[in-house]
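Let's take a walk through this structure together. Have the sequence and the 3D view handy as you read.

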Amino acid sequence: ALNGKSALVTGSTSGIGLGIAKALAHEGADIMLNGLGKPEEIEAIRASLAAETGRKVLFSPADMTKPDEIAALVRAAEQGLGKVDILVNSAGIQHVSPVEEFPIEKFDAIIAINLVSGFHLTRAVVPGMKANGFGRIINIASAHSVVASPFKSAYVAAKHGLLGFTKTIALELASFGITANCISPGYVWTPLVEKQIPDTMKARNMTKEQVINDVLLTAQPTKKFVTTDEVAALALYLASDAAASVTGANMLIDGGWTAA
Ligand code: NAD
């Protein structure tokens, strides 16, 4: 029941963002996709989503480390789709390293993509949302917005910051029909998780199986990865009219991780 709505989903060429973009389109929303990757693979994703759903599906390769590209992305979404009702910030990267060896440029990139891009996007979409009296800002944070893990200093700092940012804008926008919330997943099996396994093996001197069972799944009492479909279902709820009173919340979907 998102007919007539438009959504901009950053980091939607893969993983969680792609799962959310697909779910929003199947629910009736027009979509601006964004992210990195091979142009022909992204075009295949875009074209098949448009064909399956009959929705307008656009794509922009805007780099989330570049404020001018982010502003242009929002303009392209507003012009191409008419408006942005739903903003989902899912672009993100990870790097695993002891703090004293943490590459400075990696730290800066994680803060820029996982935290600061959310500010630039919000800043650019809010005027339109205020004018329409409706908006849904959904920031994909992490269980690492409330707890830490060693060797993830940049990521944990960014995700804690993203939650604080989200709570602040929720207060500012509450009387304009605009909600702002975080979805905070535990471990979801996506390229982001798969790619951190080799460095975690090194940092902790473990095998791949030990990293999966003794580092990743040990955190989750369910002993299962969260799925992108489960995260997408939560995003659909937050985007819906039924969630009008849910704002400033941190929606944990973490297999019980942070209950411990
Ligand atoms: P992923 O690697 O599958 O997808 C990340 C997306 O971000 C891709 O589309 C990629 O192209 C895009 N991206 C990366 N750098 C970018 C840049 N500079 N500009 C534009 N786009 C860029 O990862 P994922 O697991 O789907 O992660 C999505 C979000 O979910 C991230 O914010 C991540 O921190 C968060 N998250 C993931 C997990 C997990 O276990 N996978 C858990 C909690 C939170």
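How far does H4 reach from its first C-alpha to its last? Keep in mind that this is a predicted model. With 29 residues, H4 covers 41 Å, close to the 42 Å you'd expect at 1.5 Å a residue. Just after H4 comes Gly 133, with a positive phi of about 65°.

Now for the ligand. It has 28 residues around it, and the ones that come nearest are Gly 11, Gly 15, Gly 35, Gly 92 and Leu 192. Helix H1 (15–26), helix H4 (104–132) and helix H6 (191–204) each give two or more residues to this shell. Sorted by class, the shell has 13 nonpolar, 14 polar and 1 charged residues.

Next, look at the largest nonpolar core, which has 67 residues. Ile 20, Leu 24, Ile 31, Val 231 and Ala 235 touch the most other members. Helix H5 (residues 153–173) supplies the largest share of this core, 9 residues. Leaving aside neighbours within four places in sequence, Ile 31 is in contact with Ala 7, Val 9, Ala 21, Leu 24, Ala 25, Arg 55 and Val 57.

Val 231 and Ala 235 take us to H8, where both are among the buried residues, along with others including Leu 234 and Leu 238. The cover over the buried residues of H8 includes H1 and strands S4 (86–89), S5 (135–140), S6 (178–185) and S7 (250–253).

Methods: Residues are numbered from 1 along each chain as its sequence is written. This is a predicted model: local features need pLDDT of at least 70, side-chain atom pairs count only at pLDDT 80 or more; totals for chains, interfaces and linings use all residues. A residue is near a molecule or strand if its C-beta atom, placed from the backbone, lies within 6 Å of it. Helices (H or I, at least four residues) and strands (E, at least two) are DSSP runs, numbered from the N terminus. Ala, Val, Leu, Ile, Met, Phe, Trp, Tyr, Cys and Pro count as nonpolar, Asp, Glu, Lys and Arg as charged, and the others, Gly among them, as polar. A residue is buried if 20 or more other C-beta atoms lie within 10 Å of its own, exposed if 12 or fewer, and partly exposed in between; C-beta atoms are placed from the backbone. Two residues are in contact if their C-beta atoms, placed from the backbone, lie within 7 Å. The expected span of a helix is 1.5 Å times one less than its number of residues. A nonpolar core is a set of buried Ala, Val, Leu, Ile, Met, Phe, Trp, Tyr and Cys residues joined through C-beta atoms within 7 Å.
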